[in-house]
Structure formats: C-alpha cells, structure tokens
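Biologist: Please show me how a fold of this kind is read.

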Amino acid sequence: MEYALKVIGLDDLSPPEAERFRREARIAASLRHPHIVRVFDAGTTENWLYYAMAHIEGSDLSAYAARQPLSPSRAASIVCQVASAMAYLHANDILHRDLKPANVLIREEDDAPLLTDFGLALETDRSQRLTLSSAILGTPAYMSPEQAAGRTHQIG
C-alpha cells in the first residue's frame with residue numbers, strides 16, 4: 001500500500017494552528033468509512049507535525065467532472081456516497097465544514113468518491129473551540145450562511 005504524508009513545520013505555526021493540525025489528524029484517524037480517506041498514523045518528529053493517510057490515485061471531483069460530463073445517474077451515485085460519508089460524520093458528532101469538490105477525491109481504480117481534508121472539522125460534542133467564534137474559515141462559495149457570517153455556534 002502507498003501512503004501520502006501531510007507534513008507541516010512547527011516553526012510555521014502558531015500554537016492554536018498546531019493544535020488545529022493535531023485535531024485534524026486525530027479526527028481523521030478516528031474515522032472508518034468506505035468513502036472517507038483513511039488516516040493511519042499521526043505524530044511529531046523533530047520540528048514537524050505529520051499524518052500518514054492512504055494514497056489515492058485519481059483526481060478531485062472538480063477535475064474529474066471537467067474531463068467528462070457526468071450522467072445524471074453517475075452524479076446521483078457520487079452524491080449518495082458522499083452523503084453516506086457525511087451522515088457517518090454527523091452520527092459521530094463531527095462537522096466537516098469544508099465540503100466542496102476539491103475535497104472529494106475520485107479513486108481511479110473504481111471511481112469511488114472519498115471525502116478528505118478535515119482541517120476545519122469540528123467535534124460538536126466538545127466544548128473547546130480552537131477558533132474564535134467570529135473567525136471565518138473555509139471556502140466562501142461552499143460555506144453555510146451561519147459559517148459565512150461567523151456564527152459558528154449555530155453550525156449544525
């Protein structure tokens with residue numbers, strides 16, 4: 001099996017940013033769903049934070065759809081599989097908060113969609129927040145109105 005590494009230098013991060021990276025790794029590593037990219041290991045080495053995940057040969061949904069028009073049945077299949085991953089997250093008190101085509105990978109071997117990038121994920125059952133309630137993080141075109149307005153306490 002091939003792995004992909006997400007690595008970031010501690011010198012490049014503020015303490016809250018480093019904690020967000022650790023949280024992202026912890027959340028992603030806890031997930032077991034056929035349509036979520038699997039994270040195997042996370043940690044710190046020397047002055048680096050990292051996590052190792054499954055390497056997905058393929059492209060993101062934006063590039064995949066740009067290469068060929070999707071039939072209505074194929075588009076519906078992708079939406080159903082991603083919705084299944086989102087339902088799994090919500091059942092486990094996790095909000096992705098950055099769902100967009102660039103964060104859905106289409107695996108080349110079987111055309112399966114896989115959700116990735118949990119950098120903005122929020123555990124709804126945790127009281128600790130690592131961003132200010134008024135901080136706006138994410139991709140504006142894909143944000144919920146509550147997220148875009150900085151009303152993170154209303155995201156659900």
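Biologist: How many bridges join β2 to strand β3?

Modeller: Two strands pair if DSSP finds at least two bridges between them. Here 6 bridges join β2 to β3 (residues 48–54), and these strands run antiparallel. One of the links is between Thr44 and Leu49, its bridge partner in β3. Please note that this is a predicted model, in which local features need pLDDT of at least 70 and side-chain atom pairs count only at pLDDT 80 or more, while totals for chains, interfaces and linings use all residues. Residues are numbered from 1 along each chain as its sequence is written, and side-chain values use heavy atoms, with hydrogens and water left out.

Biologist: What is the order of the strands in this open sheet?

Modeller: Strands (E, at least two residues) and helices (H or I, at least four) are DSSP runs numbered from the N terminus. The open sheet has 3 strands in the order β1-β3-β2, paired antiparallel. Its edge strands, β1 and β2, each pair on one side only. With direction ignored, neighbouring strands in the sheet are turned by 15° against each other on average.

Biologist: Which strands does α1 lie across?

Modeller: Axes are lines fitted to C-alpha atoms, for helices over the stretch in contact (heavy atoms within 4.5 Å), and angles run from 0 to 180 degrees between N-to-C directions. Helix α1 lies across β1, β2 and β3, and runs at about 20° to β3.

Biologist: Which residue forms a salt bridge with Lys6?

Modeller: A salt bridge places a side-chain nitrogen of Lys or Arg within 4 Å of a carboxyl oxygen of Asp or Glu. The partner of Lys6 is Glu24, and their closest N and O atoms are 2.9 Å apart. Lys6 belongs to strand β1 (residues 3–9) and Glu24 to helix α1, so this pair ties together parts that are 18 residues apart in sequence. By this rule, the count comes to 5 salt bridges.

Biologist: Is Glu24 buried or exposed?

Modeller: Buried means under 20% relative accessible area, exposed over 50%, and partly exposed in between (1.4 Å probe, protein chains only). Glu24 is buried, at 4%, whereas Lys6 is partly exposed, at 27%.

Biologist: Where do Arg22 and Glu19 lie?

Modeller: Both are in helix α1, 3 residues apart, or about one turn of the helix. Arg22 is partly exposed at 35% relative accessibility, and Glu19 is partly exposed at 33%.

Biologist: Which strands of the other open sheet stand at the edges?

Modeller: That sheet has 3 strands in the order β4-β6-β7, with antiparallel pairing. At its edges stand β4 (58–60) and β7 (113–115), each having a single partner strand, so one side of each is left without a neighbour in the sheet. From one strand to the next, the twist averages 30°. Antiparallel β4 and β6 (residues 104–107) are joined by 3 bridges, and in β6 the bridge partner of Gly58 is Arg107. Helix α3 (residues 72–91) packs on this sheet and touches β6 and β7, its direction making about 30° with that of β7. Arg107 also meets Asp110 in a salt bridge, at 2.9 Å from N to O. Arg107 is partly exposed at 21%, as is Asp110 at 41%.

Biologist: Which residues does His35 touch?

Modeller: Leaving aside residues up to four places away in sequence, His35 touches Gln81, Ala85, Ala112, Pro113, Leu114 and Leu115. His35 is found in the loop between α1 (15–29) and β2 (39–45), and at 15% relative accessibility it counts as buried.
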